[in-house]
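These are my notebook entries on one structure.

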Amino acid sequence: MKLIGKQTYKKQLVMERRPAELPRIAAVAFLLINFGVIISDSLVIDDPHSTVICIAGNTSYNASFAKDIEAGVFTSLKEVESVESCVRRACNRRAGHVAFLLEKTCFMVRCYVPPTSCRIKTTKPSTPSIFTISITPYTWFDAAPVFSDELPRVIEVIENNQRGQIIQNIHGHAKSRQNPNASIKYSILTGNTGNAFELRPHPLGQSASLVAIRRLDREKISWYNLTILAVNIDENKTSTRVLSINVTDKNDNAPVFSHTNYSVTILSNLSSGSEVFRINATDADIGENARMRFYLLNHQSLFRMLPESGTILLNQKVRVDRANSYTLIVAARNGAHKTITTVKVHVLGVNEHRPFFEIPEYKVKVSEALKAGNSVTKVLARDYDYGKNGELNFTIIAGNVSYFSIDKEGVVKTRQSLLTRGGLNGSLTIIVSDKGTPPKRSVDVAKVYITIEEIKKHKVKFDLERYHVTIAENTPIGATILAVRAVSGVKREKLEEQRLDRKSKRVVYSIGNADGNRYFKIGKHSGLITTQVAMDYEKVKEYRLAIFAKDMERRDESGRYESDKSDVVVRVLDVNDNAPRFVLDSYQEVISENATVDSEILRVTATDADSGTNGQIHYRIDHGNSNGTFELDDNNGVLKLQQRLTTQVSDFYNLTIFAMDHGVPFLISRPAFIYLKVRRSIHPPCTKKLAFPKAIYLADVNESIPIGSNILRVTAKNGRCNPASKVNYFLSEIRDPEIDDHFKVFSQTGVIKLLKPLDFEDRNRYAFYVGATDSRTANPVDTVLVRILVKDENDNRPVFYEQRYKKLLTETPEPKTVVAQVAAFDKDSGKNAELEYFIVSGSYSYFRIDQKSGAVSTSERKNLKSQNLRLFNITVSVSDYGKPPLKAKRQARLSVLVFLPLRSPLILIETTDTTMTIRFDLKDMARSNIAKYGIIVQEYVDDNSEYDAISEREPLTWYKVSQSAEEDQALNRYITKVIPSTPSIEKSRPLEVEIGVDKNCENRRGDKDFCNGPLGPGKKYRFQLRAYLKSTGPFEDCKYKDSDFSNPHFTALPQPKPAYQKEVRKNYDAVVYSVGTALVLVIILAFLRGFYRLKLDRKRIHEEKKKRISFPMSNPRFQEPNSPVEKIKTPGPAKKMVAVNLDKGSEFSHRDEDEGSSPDSALGTCPSSNSEPTPRENIKPTRFLRALTEGLSLNGMPHESTRPLQSRRRPTLQEVRLKNYFNSVESSSCASCDHVKIYCVQETVT
């Protein structure tokens, strides 16, 4: 035992006394005084093995109680060695008031009425005697801390708790000599496996909180037995308490499949409803948390899953696809946890079906201009089997196999060119078979009748009557989708592919229907069909174009251009370009807390404008589904309850859901929100639970809000049974480091403050949880979702994706042709991100820009054909529609180089044997961008097969071409002259150049020593104009442009005379030109004279006819025997005709007649064997007239007209011509007219 002296105790008591401890000290003093013990004389008897503190009073020796044995109850404590031992033993009994020691026997006296019944009576001085009696009053108290009765023996804690979560508040009570409420220190003595817990003392020193400093995992440790040690700090007395922690299960483990993936093989003829496979999965959780359901996530049309057992059934008869297998995605779900595995189903194909033709007969018309390898038509066939059993093999078993073939897709193609096969008809007999084991062949055959239409001369004909093309809906504007061709026919003997290709260049193409022109454009000369607008499968799935081809150099009988028509069918393929969209942005529902598990709460619906796989949608819950309370069906969007709400503490649920399609790549919808409220019972039980009154806190803030601003305030309240509380707030479940950087929650007020600037473009929403805890109670932590939406402000300027754009125009674009697309972006959203494009400079009204899309196209007003070789540097800018609008800091630059085929017509001015003077027309060139002109010369030959290839070589110099010994080198092009561009050339259109005038070119042998050397005499040459550009911008490969070759021209033949007779040659030429001109004039005058005389003769004949006779000889009067005409017509045989000019007296005989001469020269005597020419003096005019009137000849014989009709002969052609002239003479006036020819007829003797 330890004895503490009175003075020591007193001193110690005085030193440790504090104002707050005065009441405690007074209480102890009161006890001692009641027993007649002076405090200064008291002592403390301490036993380290006991928690009882014993305070002994003054010991009275040889004294007795005033009431003797009636003082109280005496209890023997056996023998002891000293008074102190007796007192200690009595105190350890935790009873009594007085220690009574008789000799060595110790008694504990429990006074009946303390302190009066145990009053001491002293008879003698307190001196020792033989029988020693000592009476010592004492007081005692237990200094061991006492745990509160509210502390349970077993505490249940849900696993996966938060770090720092208060498990239990531990309260206790202890007293000491100085303080009836002594401080207690708590610690965990044993059982703290893995240091999962710690005790945190409270400020008052009598309580502590048991805190879980680690996340508990039931699957690892499900039970903790903690020994809590409590120490009275003042008295150093301890006590212990065993606290059992039962870690209850939480659904925190996902199901685990027995294998990573599964594989099974079935036959393709397996019947519907048959079992395919059964999978197994386990869950480390227990009870309801281990209950799982199985789902099939794909191929639901072919397979189905029994959710309870995991059995996969065949939903319908399966057909083997090309991969011969299906990969099924199976999910095992347990609350919020889902595990995915795959089941690969191999389908062993059974070749059950025969292939067959969908269309048994095809009739196709093709042009004979169709080249080898071109498609003719496609034969359609099907096989209900799949995989190898469904792969088809087409075979031509009869027909024109030398001209046509068929591929594995069923496309009939030309094996060789059909040229010169026009007018022939061909047929193909096709069978189809599959590649199964064993292979099966179609029962029927397909017939393809092909009519090869002949290319008629000057007739235009497309290669095919109908074209088919398939494009994706994301095909860019201006993309080429198809090239059509039409040719203009030539003579059959000139039917060649090269000639057809050349003649096809003059064909002009156009689209005939309005819909086709709206969406597509065709190259006027190339036949290339390009898109004009963006394709959209959701609006139009197929386009039909009517294509026309016209030969601009040929017209038909009606005066129209020769033309032909063909149809083009354009099919659009779907592309995953539309994200799913929810029908509603938010859903609300009130549910009862008594709702059963698996009950349907609501259905969400999303739509996708795409089709097929791109339009298939599945749903998922992204956030807010605490404890896996709800489940959203992936396929139909049905929200079901998965946990009983009576076990849940929250009354509000805010679920964030998304919809996702199955496209590649997949697209995700904007989030939709489901707000659920739990309807509790009318009289809820009394609860002390700390909870937030709202399920979610929302705040909208501008991105320009200053740092330090208060955004919102959250508030949590205790239950109605525990209104008094001290709530502390904190950020809970922080998974995003940006939350801690941007926001702060004041622990006392719940105000959320901004720490860092917000930027809408970087992030436009924040979502986090705020927790609340009560520091005075052991209530669990409650959390609430805080969602902050950042509003956009127009604080970002538009920015171009690229600063430099370029476009090289190699063909003359039509008006409104898109040549380039500039694009910019704005990090803002809404109206602040809508952009407007505009051209700042450089277009010169030749280009325009679409304000919305940024597509730069050609203008309608100006044609670029006259701006060939011009470089346009177009400056484009963009601004947004914000308030105020912001414009891009850096502008975009579009460089457009018009690099069309250079056509510069050439005119030959003069040629000699070594020189030529030619003139180029520069009308279609942008001469301001041309630095210099190069003249290219090439000798032209017809019979060299490699001439075209030689023409493609780079031009050399005059020296290397003219002095070369190789024939190919001599035919190479060479640059003869380079002419710098001058202002006069820029202003004038023609460029006149004299070729071959330089001398001494043999001395200029360098690669760049261009010399205008002489041409070869009597040779053909053709010319090109090379234009060197001043500025090409980014087009480094377009430094120059060569024009088309001109027509070949001859140089003059070599002159035999020396060069010094050049002037004589010029004079000779002048004489030749003069004589030739004179001859031409004489011929023209002679022609005019003859024409004039012919007109006079026709007029005279016309007048005579009016007066006397009707002509021609078909007139019936001509047939009458007595008519004058008939008489003249048949003058009779052996006549002699004489024409006499009265004034000249000349006579013409038949010998002077010239066949084909004028009728005047044809008049003369008719030669006869019995007569001589009649002299002029023997013929009298009166006799002539009389003979004419009497029907006699001049020699007295009867006139021919008086002879019988049978004996007459038909006149000759010469006689008819004489009669025509004869009829033109008035016989009555012949004698009196001067210069009149008299026609006399004299009979001859036969």
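**Entry 1**

I began with strand β35 (residues 425-434), which is joined to β32 by 7 bridges, the two running antiparallel. The model I am reading is a predicted one.

**Entry 2: helix α3**

I next asked how many residues of helix α3 are buried. I noted the buried positions as V83, S85, C86, V87, R88, A90 and C91.

I also looked up what covers them. The cover includes β2 (43-46), β3 (52-56) and β6 (72-79), and also β7 (98-102), β8 (105-111) and β10 (133-142). After the helix comes R94, for which I recorded a positive phi, near 55°.

**Entry 3: disulfides**

I counted sulfur pairs within 2.5 Å, and the count comes to 4 disulfides.

C54 and C91 form a disulfide with their sulfur atoms 1.8 Å apart. The link of C54 and C91 is right-handed, with 40° about the S-S bond. C54 belongs to strand β3 and C91 to helix α3, so the pair ties together parts 37 residues apart in sequence. C54 is buried at a relative accessible area of 0%, and C91 is buried with a value of 0%.

C86 and C106 form a disulfide, and their sulfur atoms are 1.7 Å apart. The torsion about the S-S bond of C86 and C106 is about 75°, so this disulfide is right-handed. C86 lies in helix α3 and C106 in strand β8, so parts 20 residues apart in sequence are tied together. Both C86 and C106 are buried.

Is the link of C111 and C118 left-handed or right-handed? I found it left-handed, with -120° about the S-S bond. The sulfur atoms of C111 and C118 are 1.6 Å apart. C111 is buried with a relative accessible area of 5%, and C118 counts as buried at 7% relative accessibility.

Note on methods:
Residues numbered from 1 in each chain as written. Predicted model: local features only at pLDDT ≥ 70, side-chain atom pairs only at ≥ 80, totals over all residues. Heavy atoms only, no water. Buried < 20%, exposed > 50% of the residue type's maximum accessible area, 1.4 Å probe, protein only. Helix = DSSP H or I, 4+ residues; strand = E, 2+ residues; numbered from the N terminus. Contact = heavy atoms within 4.5 Å. Pairing = 2+ DSSP bridges.
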